[in-house]
Amino acid sequence: MSGMSTPTSSSLSSTIADLRKSYERAELSEDASQRQPLRQFEQWLNEAMAAQVPEPNAMTLATVGGDMRPSTRIVLIKGYDERGIVWFTNYDSRKGRQIAGNPFASLQFHWVELERVVRIEGRVEKVDEAESDAYYSSRPLDSRIGAWASPQSQVISGRSVLVANAAKYSAKFMLNPPRPPHWGGFRLVPDRWEFWQGRKSRLHDRLCYRLDGEEWLRERLAP
């Protein structure tokens, strides 16, 4: 349309650089926080769900491959307790292969509307088969078939491959597909947690919990 100019890359970069947000919703003090990081996480997760933030169960999983290149993706938390944080995936996927080669990873929750971030680091292990079986059987039928149909992270020629695979396994297993041997749960066993609460003037609150022997040591980090 005549009379309208197209933004240049330099003007777009300037616009991005000028973005600002003042974080003023809440605070995170030592007195008001939980002594145990799992209890603090549980409190914040429940508050995120109560606030109906979009996908409060979504977390970024960071792994490092044998080539020392980090890789991130979004996965969904499916459980947590004193043993750690659980999610489910294809063990033959890129993340599964990277975890097999380097069993240390990091998780991050970002609840934008609450101006909060939780970071969790630790060692990753597979959950036992009974736990994977129980969760797999609770999934919708289409999702159970999908675990068979998708050769996750592999190159495929097109979406038709997935559609054909889904039809093949639907016909093979009908209403009772078993859990694929390449699909199951991982558990990150934390040895470090960090809770970040946005604050005014970029003087954010950061409380770090790190495992010191059998006890959790809580420390404040500079923002």
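What volume does the second largest pocket have? In this predicted model, the second largest pocket has a volume of about 180 Å³.

To display the second largest pocket, select Gln36, Pro37, Leu38 and Arg39, then Asp81, Glu82 and Gly84, and finally Val189, Pro190, Trp193, Leu211 and Trp216, which together line it. Helix 2 (37-50) and strand 7 (183-197) are the elements that each contribute two or more residues to this lining. Coloured by class, the lining shows seven nonpolar, two polar and three charged residues.

Strand 2 (70-76), strand 4 (84-90) and helix 5 (141-149) each supply two or more residues to the lining. By class, the lining of the largest pocket comprises seven nonpolar, five polar and three charged residues.

The crossing of helix 5 past helix 6 is right-handed. To see the residues that make the contact, show Ile145, Trp148 and Ala149 on helix 5, together with Leu162, Asn165, Ala166, Tyr169, Ser170 and Phe173 on helix 6. Seven nonpolar and two polar residues form this contact, and no charged residue takes part.

Technical notes
Residues are numbered from 1 along each chain as its sequence is written. This is a predicted model: local features need pLDDT of at least 70, side-chain atom pairs count only at pLDDT 80 or more; totals for chains, interfaces and linings use all residues. Side-chain values use heavy atoms; hydrogens and water are left out. Helices (H or I, at least four residues) and strands (E, at least two) are DSSP runs, numbered from the N terminus. Ala, Val, Leu, Ile, Met, Phe, Trp, Tyr, Cys and Pro count as nonpolar, Asp, Glu, Lys and Arg as charged, and the others, Gly among them, as polar. On a 1 Å grid over the protein atoms alone, a cavity is a set of points where a 1.4 Å probe fits but cannot get out, and a pocket is an open set with protein on both sides within 12 Å along at least five of seven lines; lining residues have an atom within 4 Å of a point. Grid points are joined across faces, edges and corners, and a volume is the space filled by probe spheres set on the points. A crossing is left-handed if the near helix is turned anticlockwise from the far one by less than a right angle, and right-handed if clockwise. Contact means heavy atoms within 4.5 Å.
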